[in-house]
Amino acid sequence: MTLRSTLLKRVISSLDCNSATGPDLIPNILLKSCIDSLALPLSILFRKSITTGTFPSLWKKAHVTPIYKKKGKTNDPSSYRPISITCNMSKIFERIIFNKLYSFCLDTKVLKWNNAGFKKGDSTVNQLLYLTNLVQQGFDNGLNTLMVFLDIKAAFDTVWHNGLLFKLENYGICGQLLNWFKSYLYLRSQKVVIQGCCSKDLNTWSGVPQGSVLGPLLFLIYISDFDLALDSLCLFFADDSSMLQQYLPGNELSVSNIINNDLLKATQWADFWKMKFNFDKTTVVNFTLNKSRSNPINGIAFNGVNLHLSDSVKHLGFFLSYNLKWNLHINYLVTKTNSFIGLFKRNSRFLSRNLRHIVY
């Protein structure tokens, strides 16, 4: 892999000056202002990093800021979403590696069509359109659709480093580049930063670096083989996954057995690759126009936990009902919008006319 100054200039010029400064204390506005002076020495530094298979230790540090999720107890750590801020210099180098690795994964079909997360030109909208169209076409052809919506617990934080490196090598990443990825993943550290106060640095022994450029792509590579042994169609978006089977009425027992068998395989995959599913967030929906939808779909179990049939599920921000009607989602949007309008109305007198116009 060759690194040219022109390539670095292109990456640096695309940096967002509003991004927070990481542990290296180098803001993006400084990098962009000194782009002509920095391009050559950075290209030498990055080239040296690749040829030696070594990632700079300073760039492995991260600052974590907890953001309240607006639900749950404020004194419960699980009620907060950790936002990780990494070094801006690291992100420049990662972007170059990302572009090469992303193209390689597309060419070798590591990134498949049914995974819509973190892919250029793909989105939650595309997957929702595909899913709802598939279910609706099933209705038109007299088919029901049994779906299980899965959630991987702490997905990005539980990626097994040795397992990820094994998969990278298996997909064709080898030599010093594989050593570079090993150096990139190992001996990373992070500390919590709240209002200028910092905790001690703690090492992370698993997971892909959150707040990084490469982290999401490495996670997609890690879960790319999840559905290889499954009979059901699987759809992915980051750590949200679903498996589905379409069937003719009267074949409920058969389709339940297929889903149960695939859930068993999913559990075995998770155990082998040191990941866990969040059973509390696992939902089963039988999409059908039949009002007696709960019969005789039963006996769906996941890791020994019996899953109850639900009339709806919130998936990728949308409420999907068993009959694919949108009343539930529309009511949710109306309630959410009215709440915001009420908040705005009560506080609008404290805002300037310009701010009111922006909010409106």
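**Entry 1: the largest pocket**

I started with strand β2, which gives the largest share of the lining of the largest pocket, five residues. Before going on, I noted that this is a predicted model, where local features need pLDDT of at least 70, side-chain atom pairs count only at pLDDT 80 or more, and totals for chains, interfaces and linings use all residues. Residues are numbered from 1 along each chain as its sequence is written, and side-chain values use heavy atoms, with hydrogens and water left out.

My strands (E, at least two residues) and helices (H or I, at least four) are DSSP runs, numbered from the N terminus. For pockets I used a 1 Å grid over the protein atoms alone: a pocket is an open set of points with protein on both sides within 12 Å along at least five of seven lines, a cavity is a set where a 1.4 Å probe fits but cannot get out, and lining residues have an atom within 4 Å of a point. A volume is the space filled by probe spheres set on the points, which are joined across faces, edges and corners.

How much space lies in the largest pocket? I got about 1600 Å³. It has 42 lining residues, and K69, R81, D151, D239 and K281 are the closest to its centre. Two or more residues each come from β2 (80–86), β3 (144–151), α8 (215–222), β8 (240–247) and β13.

I then sorted the lining of this pocket by class: 18 nonpolar, 14 polar and ten charged. Here Ala, Val, Leu, Ile, Met, Phe, Trp, Tyr, Cys and Pro count as nonpolar, Asp, Glu, Lys and Arg as charged, and the others, Gly among them, as polar.

**Entry 2: the second largest pocket**

This one holds about 270 Å³. I found 16 lining residues, with D157, Q190, T204, V208 and Q210 nearest the centre. Strand β2 turns up in this lining too, giving two or more residues, as do β1 (61–68) and β4 (188–194). By class I have five nonpolar, eight polar and three charged.

**Entry 3: cavities**

How many cavities of 30 Å³ or more are there in the whole structure? My search finds three.

**Entry 4: around β13**

I looked up H315 in strand β13 (residues 312–315). Is H315 buried or exposed? It is buried, because its relative accessible area is 5%, and buried means under 20%, exposed over 50%, partly exposed in between (1.4 Å probe, protein chains only). Leaving out residues up to four places away in sequence, H315 touches Q127, L128, L131, F149, D240 and L320, where contact means heavy atoms within 4.5 Å.

L316 sits in the loop between β13 and β14 (318–321). Its phi is near 55 degrees, positive in a residue other than glycine. I noted this because most residues other than glycine have a negative phi. L316 counts as buried at 17% relative accessibility.

**Entry 5: another positive phi**

K274 is not a glycine either, yet its phi is positive, about 60 degrees. I found K274 in the loop between α9 (252–272) and β9 (283–287). At a relative accessible area of 48%, K274 is partly exposed.
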